[in-house]
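Please open the model in your viewer and keep a selection tool at hand. The stops below say what to select next and what is found there.

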Amino acid sequence: MTGSTPGSSAPPAPRPRRPPGPAGPQAPPAPRPRRPPGRGINHLVEPSGARPVGFNGLMDERTRVSDDIGGWLSAEGEKTLGSLIETFGAKSFAVLFVFLLGVPALPLPTGGATHVFEIIAMLLSLQLLIGRDEVWLPARWQRLELAGRRQQRFISGLLRLIRWLERFTRPRGVRLFEQRISSSVFGLVVILLSLGAFVAPPFSGLDTLPALGVVLISLSVLIEDVALTAVGIAVGASGVVLEYVLGRAALSGLSHLL
């Protein structure tokens, strides 16, 4: 029997065993988040808590539309189409329609300037129809003055109309504004009613109802009130029908005279 020699090393210690995993089946991995569907018309309204650029964030979603416009008017700087687009950001389409078609919608003398605003509105609605998210206008049009001294009477009348409507409106049918196609439908309705206002005979007042319809529909987009949308469509459509009926009667009368 042989003894261990002095100075010989001890055998290596065994490796520690890895602790067993938890008993039972493992939980399945968390599902990957689904990609959100395409944006509807409500992308024209800033998301909750967001503050659009311009006048130091005085505008947010919880303020009224009249307060938003009043904040822009009271802020320093030019009051042109370009400054309005820069200030209101994602809301620019709807706010621009309110301003542009608000001119023929109000019973105020305009000196024939309404046709220019209606052409600009049709160009903007075409951009909505093809799915644009940002407003594009030629630089010359962006310099168009909206709130100069000559426009004070118009601005006052427009704000009075908006504040009166805000007493009866609230968010209703918000899901309809979230549909993918809603933005294109908005653009199509605006271009049809703007065209109806454009073809009305000058100084006849027949452009008032189609233009007012666009203003109401645009405000309904900003407020997300489907009831106001329905009212705006009804008002605008009645104006187009009235144009057709009176125009047909006028042509019939002329034909009898000739």
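**A tour by selection**

Begin by selecting Lys91 and Asp68, whose side chains meet in a salt bridge at 3.3 Å, N to O; a salt bridge here is a side-chain nitrogen of Lys or Arg within 4 Å of a carboxyl oxygen of Asp or Glu. The two residues belong to distant parts of the chain, 23 residues apart, with Lys91 in the loop between α2 (81-88) and α3 and Asp68 in helix α1 (residues 65-74). The helices named on this tour are DSSP runs (H or I, at least four residues), numbered from the N terminus. Both partners, Lys91 and Asp68, are buried, where buried means under 20% relative accessible area, exposed over 50% and partly exposed in between, with a 1.4 Å probe and protein chains only.

Before going on, note that this is a predicted model, in which local features need pLDDT of at least 70 and side-chain atom pairs count only at pLDDT 80 or more, while totals for chains, interfaces and linings use all residues. Residues are numbered from 1 along each chain as its sequence is written, and side-chain values use heavy atoms, with hydrogens and water left out.

Next, select Arg172 and Asp225, which form a salt bridge of 2.7 Å, N to O. Arg172 lies in the loop between α6 (152-166) and α7 (182-198), and Asp225 in the loop between α8 (208-223) and α9 (226-257), so this pair ties together parts that are 53 residues apart in sequence. Arg172 is partly exposed, at 25% relative accessibility, whereas Asp225 is buried, at 0%.

Salt bridges that share partners also join Arg64, Asp67 and Glu166 into one network. Select Asp67 and Arg64 within it, and you will find their closest N and O atoms 3.5 Å apart; Asp67 is partly exposed at 38%, and Arg64 is partly exposed at 43%. The search of the whole structure finds four salt bridges.

Now select helix α3 (residues 92-105), whose 14 residues reach 19 Å from first C-alpha to last, close to the 20 Å expected at 1.5 Å a residue; the expected span is 1.5 Å times one less than the number of residues. Is this helix enclosed by the rest of the structure or open? Because 14 of the 14 residues of α3 are buried, the helix is largely enclosed by the rest of the structure.

Leu81, Leu84, Ile85 and Phe88 of α2 make the contact with Ser92, Val95, Leu96, Phe99 and Leu100 of α3, contact meaning heavy atoms within 4.5 Å.

Centre the view on Leu100, which touches Leu81, Phe117, Ile120, Ala121 and Leu124, not counting residues up to four places away in sequence. Leu100 is also among the residues with the most contacts inside the largest nonpolar core, which has 49 residues; such a core is a set of buried Ala, Val, Leu, Ile, Met, Phe, Trp, Tyr and Cys residues joined through side-chain atoms within 4.5 Å. α3 gives the most to this core, with 11 residues.

Finish at Glu224, in the loop between α8 and α9, where phi is near 65 degrees, a positive value in a residue other than glycine. Glu224 counts as buried, at 11% relative accessibility.
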